[in-house]
Amino acid sequence: MKMSGDIKIERTKTPKEKPDQNNLGFGDYFTDHMFIMDYTEGKGWHDPRIVPYAPLSLEPSSMVLHYGQAIFEGLKAYKTKDGRILLFRPDKNMARANISNGRLCIPPLDVDFAVEAVKAIVREDQDWIPEAEGTSLYIRPFIIATDPYLGVRPSYTYQFIIILSPVGAYYPEGIDPVKIYVESNYVRAVKGGMGYTKTPGNYAASLIAQVEAKKKGYTQVLWLDGVNKKYIEEVGTMNVFFKINGEIVTPAVEGSILAGITRDSSIELLQSWGIPTTERQISIQELYDAHAKGQLEEAFGTGTAAVISPIGELNWDGHIITINDGKIGEFAAKIYDTMTGIQYGEIEDKFGWIVEV
Ligand SMILES: *Cc1c(COP(=O)(O)O)cnc(C)c1O
């Protein structure tokens, strides 16, 4: 197995000025370096290196540009008050990259080496990790198909790249529940498709619903299943949880839904508090029925970017309901506080989730 010692480093001669930590936003700024590794059929993954962040040189015929053969991941590095750098379950991200790779006919990564690569690039650009409250360094590993070829088949060559972006606090003014539009026209994914992978095509497919929901005054959409438009799948690019009459429920991961690491960690946290989560089919009708009986107690999304995003309002074909008076629920708040506490090294990690860089 390759270890990080094999990663060649070419440092930039023109380091950039760092952005204002209090105005970072999400995904606007990139650090001085990036990690790249090539794949060639017959040779495998080779030439891992850290180089100055710069435009890629790609043939216009590169397969990724035409047929979307690509996958990506998203995770964060956090700086603790005493200056340590922590990652949250990076092995899970890289194992999931391989699940996506399998579906997209991309050769698998060595998970341990991919985690070493993440650590190496984060270490290289550690001065870019912001320290202001709630900020972090977003890590975007991705793989693209690079054969210069217009026939339809899996590529024989790929690049695995990791770029880094300092990002701001998701909730600079405190957590405010969002309004969500229940999407009953467009669908995101179907079983047998790519819904369980992180691949650009899923995002391309989702843009129009997001744009139309925004025009109607909603932050995101709640996706329903692609066949019956009946069962709840995800909210935007987050997994979704509900508390119905005291029971925590979340859609089961059965092929069209992404298995979020924040989802998995939320289930484990709840379990550790003696609160089981039921993973099952949940119909939108069931939610509305529960609301009518006063039993829809909480709704929230989970994902790396925001950790928790409480849902305050749903609009399903013009039927609008308000959840928990539009306020964050008890469990959403507790998961948020505990998970971010563990991520920033302020709460003891009893789960073995934290990896120090
Ligand atoms: C990334 C993603 C999530 C959340 O996954 P995390 O590992 O928790 O960040 C959920 N749904 C979709 C579609 C995603 O792409």
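Q: Which residues does Leu314 touch, not counting residues up to four places away in sequence?
A: In this predicted model, Leu314 is one of the residues with the most contacts inside the largest nonpolar core. Residues up to four places away in sequence are not counted for Leu314. The residues that Leu314 touches are then Ile180, Val182, Leu222, Leu287, Tyr288, His319, Ile320, Ile321 and Ile323.

Q: How many residues does the second, separate core have?
A: Apart from the largest nonpolar core, the model holds a second, separate core. Tyr39, Leu87, Val115 and Ala120 are included in this second core, whose total is 45 residues.

Q: How many residues does the contact take from domain 1 and from domain 2?
A: The domain assignment divides the protein chain into domain 1 (8-167) and domain 2 (178-343). Their C-alpha centres lie 27 Å apart. The contact takes 20 residues from domain 1 and, from domain 2, 21 residues.

Q: Is Ser266 buried or exposed?
A: Ser266 is found in helix 5 (residues 261-272). Leaving aside neighbours within four places in sequence, Ser266 is in contact with Phe241, Thr302, Ile308, Ile335 and Met339. Because its relative accessibility is 0%, and buried means under 20%, Ser266 counts as buried.

Q: Which backbone oxygen does the side chain of Ser266 reach?
A: The residue in question belongs to helix 5 (residues 261-272). At 2.7 Å, the side chain of Ser266 reaches the backbone oxygen of Thr262.

Q: What is the distance from an oxygen atom of the ligand to an N or O atom in the side chain of Tyr203?
A: Among the 14 residues that surround the ligand, the closest are Lys198, Tyr203, Glu234, Thr262 and Thr304. A polar side-chain atom of Lys198 lies 2.8 Å from a ligand oxygen atom, and for an N or O atom in the side chain of Thr304 the distance to a ligand oxygen atom is 2.6 Å. For Tyr203, the distance is 2.3 Å.

Q: What percentage of the ligand's accessible area does the protein cover?
A: On its own, the ligand has 380 Å² of accessible area. With 14 residues surrounding the ligand, the protein covers 96%.

Technical notes. Residues numbered from 1 in each chain as written. Predicted model: local features only at pLDDT ≥ 70, side-chain atom pairs only at ≥ 80, totals over all residues. Heavy atoms only, no water. Core = buried A, V, L, I, M, F, W, Y, C linked by side-chain atoms within 4.5 Å. Buried < 20%, exposed > 50% of the residue type's maximum accessible area, 1.4 Å probe, protein only. Contact = heavy atoms within 4.5 Å. Near = heavy atom within 4 Å. Polar contact = N/O pair within 3.5 Å; in protein donor to acceptor, adjacent residues only side chain to side chain. Areas by Shrake-Rupley, 256 points an atom, 1.4 Å probe, with all protein chains shown as cover. Domains from an automatic or database assignment. Helix = DSSP H or I, 4+ residues; strand = E, 2+ residues; numbered from the N terminus.
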